[in-house]
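Trainee: Could you go through this structure with me? I'd like to understand what the terms rest on.

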Amino acid sequence: ETGVTQTPRHLVMGMTNKKSLKCEQHLGHNAMYWYKQSAKKPLELMFVYNFKEQTENNSVPSRFSPECPNSSHLFLHLHTLQPEDSALYLCASSQEASGSTDTQYFGPGTRLTVL
Amino acid sequence: SQKIEQNSEALNIQEGKTATLTCNYTNYSPAYLQWYRQDPGRGPVFLLLIRENEKEKRKERLKVTFDTTLKQSLFHITASQPADSATYLCALKGGGFKTIFGAGTRLFVKA
């Protein structure tokens, strides 16, 4: 266990559904991240929160909406997704995003399938 | 644009041999480089970090080198074991908040 949990582990949703992914870290970190991982492609950074402030939005479509209510919790709200959004969504945390070493601790991911 | 290249083809080696994985990058001046391991269906796990002013770093059977002139890092696993079979990701961090990951190299260690 890395100290980062994600729920649900698997999610199947239709294009008109609204769902949320949840991430929680128990490491006392101040930065949290959302990544998208598609087959045989590099991890794609989506959002970064540092001390609860969003510091990166990597040109992510508005159908993905992040929320960081505190340093331990991160959500990704999903609505009107497309089939090409099907992927493994990974949450990570680190001590702080702009630090001299931001070794990231990843959760197990949510496998998302959009029908 | 910034780019990280790792061997897309899987690496197959015999148990006990040394596995060497390559990470090349362009248009980037990283402050440090990291290597992660990822097993199927799971998140990446941090292995080693090497800074721009370091040439080599070791941890047990793992060794990483970093050549900022060649813009390349090599990741070695000595005395490899079947349990080392996984995908290994290279990641670069410059200033700011972004870490960029490579697509990874799949390693298979045969008994």
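This is a predicted model: local features need pLDDT of at least 70, side-chain atom pairs count only at pLDDT 80 or more; totals for chains, interfaces and linings use all residues.

Trainee: How do you know that chain B and chain A are in contact?

Mentor: Contact means heavy atoms within 4.5 Å. By that rule, 20 residues of chain B touch 27 residues of chain A.

Trainee: What makes up the area that chain B and chain A bury?

Mentor: Buried area is the accessible area (1.4 Å probe) lost by two parts on being put together, summed over both. Here that's about 1,800 Å², with 55% of it on carbon and sulfur atoms. On chain B's side, Phe97(B), Lys98(B) and Phe101(B) lose the most, together 35% of what that side buries.

Trainee: How many salt bridges cross that interface?

Mentor: Zero, by the rule. A salt bridge needs a side-chain nitrogen of Lys or Arg within 4 Å of a carboxyl oxygen of Asp or Glu. Over all chains, though, the count is seven.

Trainee: Why is the pair Asp85(A) and Arg63(A) called a salt bridge?

Mentor: Their side chains meet at 2.7 Å, N to O, so the pair passes the 4 Å cut-off. Asp85(A) sits in the loop between strands S8 (73–79) and S9 (87–94) of chain A, and Arg63(A) in the loop between S6 (53–57) and S7 (64–70), so the pair ties together parts 22 residues apart in sequence. Strands here are DSSP runs (E, at least two residues), numbered from the N terminus.

Trainee: What is the backbone doing at Pro8(A)?

Mentor: The peptide bond from Thr7(A) to Pro8(A) is cis, with omega near -10°. Pro8(A) lies in the loop between strand S1 (4–7) and strand S2 (10–13) of chain A. Thr80(A) has a positive phi of about 45° although it is not a glycine.

Trainee: What makes something a pocket?

Mentor: On a 1 Å grid over the protein atoms alone, a pocket is an open set of points with protein on both sides within 12 Å along at least five of seven lines, and lining residues have an atom within 4 Å of a point. The largest pocket is lined by 20 residues, and Gln37(A), Ala39(A), Lys40(A), Thr87(B) and Ala103(B) lie nearest its centre.

Methods: Residues are numbered from 1 along each chain as its sequence is written. Chains are lettered from A and ligands numbered from 1 in the order in which they are written. Side-chain values use heavy atoms; hydrogens and water are left out. On a 1 Å grid over the protein atoms alone, a cavity is a set of points where a 1.4 Å probe fits but cannot get out, and a pocket is an open set with protein on both sides within 12 Å along at least five of seven lines; lining residues have an atom within 4 Å of a point. Helices (H or I, at least four residues) and strands (E, at least two) are DSSP runs, numbered from the N terminus.
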